[in-house]
Amino acid sequence: MTSRLLLALPFFTVVVLIVLGLAVMLSKRNVVKILMGLSLMESAVNLFLVATGYRHDSVAPIYTNVPAGPMALPTVQALTLTSIVIGVATSAMLLSFAMVIYRKYGTTDIQKIKKLKG
Amino acid sequence: MKMTKIVRTTADLFFPFCLVFGLYVVVHGHLTPGGGFQGGAVMATGTALLLVARAYDDVTGRIRKGAMKVCEAAGLLIFLCAGFSGLFAGRPFMANWIARDGALFRTAIAHGPNAGDLNTAGLLPLLNFGVGIEVLGGLTVILLYMLSGIKEEKKK
Amino acid sequence: MRHVLFSAILLLFFGGLMYLAADLPFGDPPRTDMDDYFLRTAQEQTGANNVVTSIVFDFRGFDTLGEATVLFTAVLGVGMMFRKLKEGEEYEND
């Protein structure tokens, strides 16, 4: 059972991080802490993408002074690059929304920010 | 209140090294791990170091918002023009026409593992440079806008 | 009572995901035809040693154009949030 656990350790880490991020997003009341939970879930998804493209005893897919052996899959790493940049853009916009909400309402408690108009 | 003199001097000392290392990562994007987005993020980290160590009014004398906006727009324009130049050379949009029959960056490389040569890979160093400049400008402009938002609130 | 229910649902979700993640093959991706083609022909068709950069900027350069536009739009959105109001102008939903 433990050897099975050690064999797929990156995927178990991904599951733990997703559940932790979801718990933070659903149970905190401060807006900035909810955004931290979202960032945790995005990191977990990036780790999952990179862990999918690994072969046993492989090296990075770069030909400059490469040691012998099979190479890891390069397409998945390109997908992860795009995903990280989109995560940065989303976090920047959400944080600026949080700042403007605080300036208007005077509080960062989401149970007090309920008015849809005005 | 200000940061101590040691912090401000160390940040001033580190800033050019961060820029040089970021440019190294951008320019060698087709030989070593790295490229446009990673090198641009390293350069923006150097700028953020300067923003953390000094007050807002000290920094905007050196890193102006207008200059960073020009950097960002110029980066995206370089990317688009390099893409359209493939159309003028008679090949599809954003095709790597320099690697076949252009003048710059056209040394062919041997197959298999080799020590890298900077003079290869056609259109790729140009695209890397454009994206690096755009990420530096974009992240710095985001940081400057957020800092000016805090300052205006404190003034009220 | 609400906290106990919330924790029980999260633990159930965690158990279900762990059971599914135990079946994923690590180190043995099932189909590698496209990636083997990229690894074989990237040096000759692109002239770059870094296969990931040649995928991001040459084989799939159009996606990178879209991503640069997304970054530009995010900066545009942040700049719109923090604009300076002119004299006598208030936030318009009061």
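## Exercises on chains A and C

In chain A, the axes of helix H2 (residues 9-27) and helix H3 (residues 31-52) come within 8 Å and cross at roughly 165°. This is a predicted model, in which local features need pLDDT of at least 70 and side-chain atom pairs count only at pLDDT 80 or more, while totals for chains, interfaces and linings use all residues. Residues are numbered from 1 along each chain as its sequence is written, with chains lettered from A and ligands numbered from 1 in the order in which they are written.

**Exercise 1.** Work out how H2(A) is oriented relative to H3(A).

*Solution.* Start with the cut-offs: angles under 35 degrees are roughly parallel, over 145 roughly antiparallel, 65 to 115 roughly perpendicular, and the rest oblique. The crossing angle therefore makes H2(A) roughly antiparallel to H3(A). Next, look at who touches whom, taking contact as C-beta atoms, placed from the backbone, within 7 Å. Among the residues involved are A:Leu17 and A:Gly21 of H2(A), and A:Leu40 and A:Ala44 of H3(A). Finally, sort the contact residues: 18 are nonpolar, 4 polar and 1 charged. Here Ala, Val, Leu, Ile, Met, Phe, Trp, Tyr, Cys and Pro count as nonpolar, Asp, Glu, Lys and Arg as charged, and the others, Gly among them, as polar.

**Exercise 2.** Describe the side of chain C that touches chain A.

*Solution.* First the count: 35 residues of chain C contact 36 residues of chain A. Then the elements: H1, H2, H3 and H4 of chain C each give two or more residues. H4(C) supplies the largest share, 8 residues. Last, the make-up of this side of chain C is 24 nonpolar, 7 polar and 4 charged residues.

Key:
Axes are lines fitted to C-alpha atoms, for helices over the stretch in contact, and angles run from 0 to 180 degrees between N-to-C directions. Helices (H or I, at least four residues) and strands (E, at least two) are DSSP runs, numbered from the N terminus. Two residues are in contact if their C-beta atoms, placed from the backbone, lie within 7 Å.
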